[in-house]
Each structure stands twice: as structure tokens, then as C-alpha cells.
Amino acid sequence: MNRFTHITPADIKDNLFERIGHDWMLVTAKNPETGKFNTMTASWGGTGILWNKPVAFIFIRPQRYTFDFIEAGEELTLSFFGDDQKMALQLCGRVSGRDHDKIAETGLTPVEDDSTVTFAEAKLVLRCKKLYADFLKEDAFIDTSLVGRDYPMKDFHKMYVCEITDVLKH
């Protein structure tokens, strides 16, 4: 894909706590039937080892437009950027692809292959394949204060555990 070099998940030197929680990421998925894609900004998620595989896990609310794209396909990307793209990530988190052409408005350059999309401006990309998905459940919360604080409308996120199949770095 473009000017990226491939590295292994173990070779990632970035602080992913900082990248996800502070710098944010774009979660991008492509509908394999239509070839269309959508992206959204996310700041909840993580990485690790599960089922003897390198994985990433993300959380998406069902009302997000990107949710339908994630549901439609088997793969997605998590793209991380430099500070120069912070405004683009803010826009992708603030407006919906249902109503806006986020790519045109941000000026990001899509880089597509058969099943995934990322952006030429990304500094780090995790290409992922879905392994497991389920909605967070109210009765499973041990700290019930989180439900009232983060889910007053009971619109629980769906959690996706995804195998990291490739890592691209600029």
C-alpha cells in the first residue's frame, strides 16, 4: 500500500496508549458489496495478545454510520496520524459520513486495496480481521456507575476483537 513499509506487530515502537487515547485513530471499513467506505475517529480501544494472536479491540456505537461498514465486511483498518492531521480527525469524529463527504472535507488521501482503506497521511496503520464481536451488556458491568455516566441512553458499544494481520508504517 503506497509508500508504507511492513513491520510486525511486535516491532511497533509507538506508545499505543498515547496514540489511541490522546492522538486518536481513524477506524475505517469498506463494504465489500458496494466498494464504498467510511471512517470515524475513535479514542477507545487497545491492543494485546488473545487466542495466541496479536489483536486490537475497538468499541463502536450502533448509531455510528461506520458501524454498518464494519458489520458488512471482515476487515478494517486503524490509522494513526501526526499532529498535523488533528483537525481532520476532529472533523471525522464530529460529522457523519451519512451527511458529509468527510474525505473531501479533510483532504485526506484514501489508499485502497481489495478489502481495506487507509490514508496516505497515516504514520501507522493496523490492518485487522474481525475475530469476535458482541455488544457490551448492562448486567455485565461490575462498576455500575459507568452505565449512568457513559450510557444514559443505553446505547452500548459493540466490541470488536480483531487480529492484526499487517502493520504499515511511514
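A polar contact of 2.9 Å links the side chains of Asp 14 and Arg 19 (a polar contact being a pair of N or O atoms within 3.5 Å; within protein, one must be able to donate a hydrogen and the other to accept it, and residues adjacent in sequence count only if both atoms are side-chain atoms). This comes from a predicted model, in which local features need pLDDT of at least 70 and side-chain atom pairs count only at pLDDT 80 or more, while totals for chains, interfaces and linings use all residues. Residues are numbered from 1 along each chain as its sequence is written, and side-chain values use heavy atoms, with hydrogens and water left out.

Asp 14 sits in the loop between strand 1 (5-7) and helix 1 (16-23); helices (H or I, at least four residues) and strands (E, at least two) are DSSP runs, numbered from the N terminus. With a relative accessible area of 18%, Asp 14 is buried (buried means under 20% relative accessible area, exposed over 50%, partly exposed in between, with a 1.4 Å probe and protein chains only). Not counting residues up to four places away in sequence, Asp 14 touches Arg 19, Leu 124 and Lys 169, where contact means heavy atoms within 4.5 Å.

Next comes helix 1 itself. At its start, a side-chain oxygen of Asn 15 reaches to within 2.9 Å of the backbone nitrogen of Phe 17. Leu 16, Arg 19, Ile 20 and Asp 23 are the buried residues of helix 1. Looking down the axis of helix 1, these buried residues fall within an arc of 120 degrees, so they line one face of the helix (the arc is that of the directions from the helix axis to the C-beta atoms). They pack against strand 2 (25-30), strand 3 (37-42), strand 4 (45-50), strand 6 (75-80), helix 3 (86-94) and strand 9 (124-135). Trp 24 follows helix 1 and has a positive phi, near 75 degrees.

Gly 46, found in strand 4, is buried at a relative accessible area of 11%. Leaving aside neighbours within four places in sequence, Gly 46 is in contact with Ile 20, Val 55, Ala 56 and Phe 57.

The loop between strand 4 and strand 5 (53-60) holds Trp 51, and Asn 52 lies in the loop between strand 4 and strand 5 as well. Neither is a glycine, yet phi is positive at about 55 degrees for Trp 51 and about 60 degrees for Asn 52. Most residues other than glycine have a negative phi. Trp 51 counts as partly exposed at 48% relative accessibility, whereas Asn 52 is exposed at 80%.

Tyr 132, in strand 9, is partly exposed, with a relative accessible area of 39%.
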